[in-house]
Amino acid sequence: MGDKVDQAILSMNRAAEDAATKAVPIFVNAITNMSIQDGMSILKGQNNAATSYLKSKTYTALSAAFMPEIQNSLNKVDATKYWKEIFSTYNRIPFVEKVNPDLTSYVTGKALDGLFVSIAQEEANIRSNPEARVTDLLKKVFGGSK
C-alpha cells in the first residue's frame with residue numbers, strides 16, 4: 001500500500017499548508033491582548049515561555065480555524081478516500097489497535113503540533129543567538145546587537 005500511503009501523506013501535508021495562513025491573525029490577537037504580567041513571565045521564563053503562552057491562548061481558535069481549511073484541502077485531493085482505504089484495511093488485521101478514521105482531526109492536531117514545534121525552535125534560537133535578533137525590538141528585549 002506504499003503508493004496510497006504516500007498519496008495520503010502528501011495530501012495531509014498540503015492540507016496543513018493551506019490552513020497555516022489562518023494562524024497569523026489569531027497570533028496577533030493573542031499578542032495584542034497580552035498583559036504586562038504575561039510579558040514579564042515570557043521575558044523571565046524558560047526558552048519556550050512565549051511558545052507556551054501562544055499555545056495556551058491560541059490552540060482552540062487555531063484548531064477551529066484550521067479544521068475547515070484542512071477539510072476542504074483533504075476533499076480536493078480525495079485524501080479521506082485514501083485514509084479510509086488504508087485504515088479499513090489496517091483495522092481488519094487481527095490483534096491491532098483500531099485507528100480512528102477522523103482524518104480532519106488527525107491532520108489538524110498534527111499541523112498544530114508542527115506549528116508549535118517550529119515556534120519553539122525559533123524562540124530558543126532568538127533567546128540564545130544574538131544574530132537571530134533581527135529587529136530593534138528583539139535586540140532591546142533580549143539584549144545584544146548584531
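**View 1. Two salt bridges are found in this structure.** A salt bridge here is a side-chain nitrogen of Lys or Arg within 4 Å of a carboxyl oxygen of Asp or Glu. Side chains of opposite charge can pair when their charged atoms come close. Please keep in mind that this is a predicted model, in which local features need pLDDT of at least 70 and side-chain atom pairs count only at pLDDT 80 or more, while totals for chains, interfaces and linings use all residues. Residues are numbered from 1 along each chain as its sequence is written, and side-chain values use heavy atoms, with hydrogens and water left out.

**View 2. E69 and K22 form a salt bridge, with 3.5 Å from N to O.** E69 sits in helix α4, whereas K22 belongs to the loop between α1 (2–20) and α2 (23–32), so this pair links parts that are 47 residues apart in sequence. Helices are DSSP runs of H or I with at least four residues, numbered from the N terminus. E69 is partly exposed at a relative accessible area of 24%, and K22 is partly exposed at 33%. For these terms, buried means under 20% relative accessible area, exposed means over 50%, and partly exposed lies in between (1.4 Å probe, protein chains only).

View 3. An α-helix has 3.6 residues a turn, so residues three or four places apart point the same way. Are R127 and E123 buried or exposed? Both R127 and E123 are buried.

**View 4. Helix α6 runs for 26 residues.** From first C-alpha to last, α6 reaches 38 Å, close to the 38 Å expected at 1.5 Å a residue; the expected span is 1.5 Å times one less than the number of residues. Its buried residues include L103, V107, A111, L112, F116 and I126.

**View 5. T104 and T108 are two buried residues of α6.** T108 has a relative accessible area of 1%, and T104 has 8%. Contact means heavy atoms within 4.5 Å. Leaving aside neighbours within four places in sequence, T108 is in contact with S63, F66, M67 and I70. With residues up to four places away likewise not counted, T104 touches M67, I70, Q71 and L74. The C-alpha atoms of T104 and E69 are separated by 9.5 Å, although these residues are 35 apart along the chain.

**View 6. Helices α3 and α4 cross at roughly 140°.** What brings α3 (residues 36–44) and α4 (residues 49–76) together is a set of residues: D38, S41 and I42 in α3 meet A49, A50 and Y53 in α4. By class, this contact has four nonpolar, one polar and one charged residues. Nonpolar covers Ala, Val, Leu, Ile, Met, Phe, Trp, Tyr, Cys and Pro, charged covers Asp, Glu, Lys and Arg, and the others, Gly among them, are polar. The helix axes come within 7 Å; axes are lines fitted to C-alpha atoms over the stretch in contact, and angles run from 0 to 180 degrees between N-to-C directions. The two helices are therefore oblique to each other, as angles under 35 degrees count as roughly parallel, over 145 as roughly antiparallel, 65 to 115 as roughly perpendicular and the rest as oblique.

**View 7. L43 lies in helix α3.** L43 is partly exposed, at 37% relative accessible area. Beyond its neighbours within four places in sequence, L43 is in contact with R127, V141 and F142.
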